[in-house]
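Hello,

Here is the structure we talked about handing over.

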Amino acid sequence: MKILKLRKDKLDHFAAVIRQKFGEVHAPVEQNGKYVFQRITDWADARLRYSRTILPLKKYFLPPRDTLFHYSPGKGYVANTRDLEKRMVLFGVHACDVYALGILDLVFNGKYNDPYYQTRRKNIAIIGIDCMPDEHCFCRSMRADFVEEGFDLFLHDLGECYQTAVGTALGDNMVLAAAELFEPITREDFDEYKRLSANKRKAFRLDVEIRDLPEMLDMEYESEIWAELGDKCLSCGSCSMVCPTCYCYDVVDTVELGSTAGSRDRVWDSCLFSTHALVAGGENFREERSSRIKFRYYHKQRGFVAEHGRPSCVGCGRCITACPVGIDIVEVLNRVRGVQYAG
Ligand code: SF4
Ligand code: SF4
């Protein structure tokens, strides 16, 4: 892999080149002490040292409400392609979120091809950045604290400069477009990278062992844990909305008043919602809250492993920070394993 370095005082210049030649730049900005990914018009607003954004990057690839097509008696069905081809660069994406997009690819680029998702994936570039874990991160446990692919460029903060790994031909074009800003990496830079990497490893405060977790979940299928969680859970769906790998959606038709024209939209859904498993005829096969929250855990940590060989959780900690009643995935999984949570 090609690795270069970019001095920090040249980062804004590099961002300007990216914006000029590769599309809109979106990066984390601070809002009331939290972070959101949004379009950057003034680079000074970007915050590359951040914990986690409220919403994950799925909002760019699977928007919360996505009009798939319009229909009318005269024109029939017309696919909505607005903004689908817009070129964008997401600048400052954490490794766990890069990993999460790889998980969504398994779903939308796999057995079921989704042209909307795929077109956006093709047109949105990723510049990753390394980070330090806070008290809710457990990406290391989920093997998502480091990525070898899924980005165009990936930056590691070495203090004075960013070690810059080039992941794709597009990333190489970005570097070449601002070649005068980059320098060769040195032995001393590599030594600093290793020192910081060891520090990061030591900084994790949460740990979940995922080896044999699916088997342990099988053993605990009838556990009282699920009833307890069902009593506590409000079915608000926040944990699904903020999760970078939750992809459930509903499809709704919106018909214009007084007309037979309308649109078909895909909207975010959650398996925690009481109507998620409601089917025609009025049957609801997950009516109990306990069965819904149990389903979320079993799908992410067991069913997805059986289908794709890894859990559909990257340990970003968003669901822990978003849950209004303090349901904590690390505590739950460690309880399933019979491990006392140390806090
Ligand atoms: S389940 Fe929670 S910790 Fe895991 S990826 Fe989703 S939001 Fe992040
Ligand atoms: S955020 Fe918490 S309360 Fe809301 S649905 Fe998820 S687990 Fe239940």
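Arg-52 and Asp-134 meet through their side chains in a salt bridge, at 2.8 Å from N to O. This is a predicted model, so please read every value as computed from it. The pair links distant parts of the chain, 82 residues apart. Arg-52 sits in the loop between strand S3 (34-39) and H2, and Asp-134 in the loop between S7 and S8. Arg-52 is buried, because its relative accessible area is 10% and the cut-off for buried is under 20%. Asp-134 also falls under that cut-off, with 16% relative accessibility, and counts as buried.

The structure holds 23 salt bridges.

Lys-5 pairs with Asp-189, with the closest N and O atoms 3.0 Å apart. Lys-5 belongs to strand S1 (residues 3-7) and Asp-189 to helix H6 (residues 187-203), so the bridge ties together parts 184 residues apart in sequence. Lys-5 is buried at 7% relative accessible area. Asp-189 is buried too, at 10%.

Glu-24 pairs with Lys-86, and here the closest N and O atoms are 3.3 Å apart. Glu-24 lies in strand S2 (residues 24-31). Lys-86 lies in the loop between strand S5 (76-79) and strand S6 (88-93), so this pair ties together parts 62 residues apart in sequence. Are the two partners buried or partly exposed? Glu-24 is buried, with a relative accessible area of 16%. Lys-86 counts as partly exposed, at 30% relative accessibility.

Now the domains. The domain assignment gives domain 1 (2-203) and domain 2 (213-337). Their centres, taken over C-alpha atoms, are 26 Å apart. The contact takes 37 residues from domain 1 and 39 residues from domain 2. The size of an interface is often given as the accessible area lost when the parts come together. Here domain 1 and domain 2 bury about 3400 Å² between them. Of that area, 61% is on carbon and sulfur atoms.

What about polar links across the domains? Five salt bridges run between domain 1 and domain 2. There are also 22 residue pairs in polar contact between them, both residues at pLDDT 80 or more. On the domain 1 side, the elements that give two or more residues are helix H2 (58-61), strand S4 (65-72) and helix H3 (95-108). H3 gives the largest share, nine residues. By type, the domain 1 side divides into 24 nonpolar, five polar and eight charged residues.

One salt bridge joins the side chains of Asp-114 and Arg-266, at 2.6 Å from N to O. Asp-114 and Arg-266 are also part of a network of salt bridges, together with Asp-66 and Arg-120.

Last, Asp-145. Where does Asp-145 sit? Its place is in the loop between strand S7 (124-129) and strand S8 (153-157). Asp-145 counts as buried, at 16% relative accessibility. Its side chain makes a polar contact with the side chain of Arg-140, at 3.2 Å. Leaving out residues up to four places away in sequence, Asp-145 touches Ala-95, Asp-130, Cys-139, Arg-140, Lys-200 and Phe-204.

Best wishes

Conventions
Residues numbered from 1 in each chain as written. Chains lettered and ligands numbered in written order. Predicted model: local features only at pLDDT ≥ 70, side-chain atom pairs only at ≥ 80, totals over all residues. Heavy atoms only, no water. Helix = DSSP H or I, 4+ residues; strand = E, 2+ residues; numbered from the N terminus. Buried < 20%, exposed > 50% of the residue type's maximum accessible area, 1.4 Å probe, protein only. Polar contact = N/O pair within 3.5 Å; in protein donor to acceptor, adjacent residues only side chain to side chain. Contact = heavy atoms within 4.5 Å. Domains from an automatic or database assignment. Buried area = accessible area lost by both parts, 1.4 Å probe. Salt bridge = Lys/Arg side-chain N within 4 Å of Asp/Glu carboxyl O. Nonpolar A, V, L, I, M, F, W, Y, C, P; charged D, E, K, R; others polar.
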